[in-house]
Amino acid sequence: MTLADAAAQADELAQSGSERELADLRTTWGDDLEAAARSGDFRERAVAFRAIGQFRWRAKEELLRRGLDDQSPAARGSALLSLELLSRDHPSTVNGVRPLLHTMATADGNAAVRRLAILCLKNGSPDRNTIVLLEGLANDDEADAELRRAAGGVAQQLKKRQNQQSQKR
């Protein structure tokens, strides 16, 4: 079995709520995941960063953070996919790397990575600076149409959540 196979199995276990089996799989694959994340081959790093999310491995968030700085767009994209998955129920996962996500959303050289960074921001707290940044991207006529659409959609979601939170106060 490869790390990618184990990660797919881990994702199935996580979705079915099989916490004990998932923990056992983490124990078995921990060293291999760490080694792959440090590999000189960007494809191995990409698999490792994606696996962190599939394993729902919160203890590896710092390793995932390094993936966001990786030189390979594939590795950065995989890290962003895992970040998005881990942050669905835990806004602090996004909030902890928000400045980096802002930079990635506005300045990454890869359009897909920029869109993934924007999608990650939807799971964070509705921060005013994030909303302003996303609205700016949505209104940037020189930006890619898909990027503008993603930025506008996430900005709307965050504003709606911000309004709901202020109404509860």
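Reader: At roughly what angle do the axes of helix 7 and helix 8 cross?

Author: Axes here are lines fitted to C-alpha atoms, for helices over the stretch in contact, and angles run from 0 to 180 degrees between N-to-C directions. In this predicted model, the axes of helix 7 and helix 8 cross at roughly 140° and come within 7 Å. Angles under 35 degrees count as roughly parallel, over 145 as roughly antiparallel, 65 to 115 as roughly perpendicular and the rest as oblique; helix 7 and helix 8 are therefore oblique to each other. Their crossing is left-handed, a term for a near helix turned anticlockwise from the far one by less than a right angle, with clockwise counting as right-handed.

Local features need pLDDT of at least 70 and side-chain atom pairs count only at pLDDT 80 or more, while totals for chains, interfaces and linings use all residues of this predicted model. Residues are numbered from 1 along each chain as its sequence is written, and side-chain values use heavy atoms, with hydrogens and water left out.

Reader: Which residues make the contact of helix 7 and helix 8?

Author: Contact means heavy atoms within 4.5 Å. Helix 7 contributes R98, L101, H102, M104, A105, T106 and A107, and helix 8 contributes V113, R114, A117, I118, C120 and L121. Sorted by class, these are 9 nonpolar, 2 polar and 2 charged residues, where Ala, Val, Leu, Ile, Met, Phe, Trp, Tyr, Cys and Pro count as nonpolar, Asp, Glu, Lys and Arg as charged, and the others, Gly among them, as polar.

Reader: Which residues of helix 7 are buried?

Author: Buried means under 20% relative accessible area and exposed over 50%, with partly exposed in between (1.4 Å probe, protein chains only). In helix 7, which spans residues 98–107, the buried residues are R98, L100, L101, H102, M104 and A105. They pack against helix 4 (61–68), helix 5 (73–87), helix 6 (91–95), helix 8 (111–121), helix 9 (128–138) and helix 10 (145–168).

Reader: Where is N123 found, and which residues is N123 in contact with, leaving aside its neighbours within four places in sequence?

Author: N123 lies in the loop between helix 8 and helix 9, and with a relative accessible area of 12% N123 is buried. Beyond those sequence neighbours, N123 is in contact with E84, S87, R88, P91, V94 and R161.

Reader: At about what angle do helix 1 and helix 3 pack, and at about what angle do helix 2 and helix 3 pack?

Author: Helix 1 (residues 3–16) packs on helix 3 (residues 42–54) at about 15°, with the axes 8 Å apart, which makes helix 1 roughly parallel to helix 3. The contact involves L3, A4, A7, A8, A10 and D11 of helix 1 together with V47, A48, A51 and Q54 of helix 3, and by class it has 8 nonpolar, 1 polar and 1 charged residues.

Helix 2 (residues 19–37) packs on helix 3 at about 130°, with the axes 7 Å apart, and that angle makes helix 2 oblique to helix 3. The contact is made by L33, A36 and A37 of helix 2 and by E44, R45, A48, F49, A51 and I52 of helix 3.

Reader: How many helices and strands does the protein have?

Author: Helices (H or I, at least four residues) and strands (E, at least two) are DSSP runs, numbered from the N terminus. The protein has 10 helices and 0 strands, and of its 169 residues 46% count as buried.
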